[in-house]
Amino acid sequence: MSEPTNEGAQRDIRILVIDDDNVNSALAKGVLQRHGYTVEISSKPMRALEKFAQDIDCTDLVLLDYFMPTLDSGQTVQHLRKLRSDIKVVLFSGAEEMHLRQIMKQHPIDAFVHKPLRIDEALAVIHKLVGDPSAHTLTARA
């Protein structure tokens with residue numbers, strides 16, 4: 001007889017990084033994966049939106065660069081919210097904090113983290129918004 005499981009507790013916390021800077025994306029992916037998150041990278045916002053539209057439950061949180069050549073984060077977050085209003089969106093930018101806060105007032109963005117990725121800051125923000133993947137594993141074993 002198999003043990004009853006809590007499906008929500010067993011699933012990974014999935015993060016989509018949308019950033020045209022491959023170095024920052026790779027750094028974020030490596031750090032977040034080492035801390036138990038499942039991470040996918042997209043350097044093209046339109047392609048990321050197309051994939052998200054095909055499976056709106058494929059991602060728990062989007063880490064979104066603000067300055068991208070084809071589609072800025074304001075437009076990208078509007079499309080994400082149309083597809084799924086409760087998706088957590090974190091601005092990922094090297095801009096100064098005052099500018100980031102102004103952007104957040106203009107767009108439905110949940111939080112921001114600085115570039116280059118500050119590990120403690122990023123983990124604290126992500127944990128606050130979607131939780132800690134190790135807590136999900138512990139719950140699943142209980």
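Biologist: In which loop is the place of Asp 19?

Modeller: A word on the source first: this is a predicted model, where local features need pLDDT of at least 70, side-chain atom pairs count only at pLDDT 80 or more, and totals for chains, interfaces and linings use all residues. Residues are numbered from 1 along each chain as its sequence is written, and side-chain values use heavy atoms, with hydrogens and water left out. Helices (H or I, at least four residues) and strands (E, at least two) are DSSP runs numbered from the N terminus. On that numbering, Asp 19 sits in the loop between β1 (14-18) and α2 (22-34).

Biologist: Is Asp 19 buried or exposed?

Modeller: Buried means under 20% relative accessible area, exposed over 50%, and partly exposed in between (1.4 Å probe, protein chains only). Asp 19 has a relative accessible area of 0%, so the answer is buried.

Biologist: With which side chain does the side chain of Asp 19 make a polar contact?

Modeller: A polar contact is a pair of N or O atoms within 3.5 Å; within protein, one must be able to donate a hydrogen and the other to accept it, and residues adjacent in sequence count only if both atoms are side-chain atoms. The Asp 19 side chain reaches the backbone nitrogen of Asp 21 at 2.8 Å. Its side-chain partner, at 2.9 Å, is Lys 115.

Biologist: Over the face of which residue does Lys 115 lie?

Modeller: A charge sits over a ring if NZ of Lys or CZ of Arg is within 6 Å of the ring centre and within 35 degrees of the ring normal. For Lys 115, the distance from the ring centre is 5.2 Å, and the ring belongs to Phe 92.

Biologist: What is the relative accessibility of Arg 81?

Modeller: Arg 81 is placed in helix α4 (residues 73-83). A polar atom of the Arg 81 side chain lies 2.4 Å from the backbone oxygen of Ile 87. Arg 81 counts as buried, because its relative accessibility is 17%.

Biologist: How far apart in space are Arg 81 and Pro 108?

Modeller: In sequence, Arg 81 and Pro 108 are 27 residues apart. Their distance in space, C-alpha to C-alpha, is 8.1 Å.
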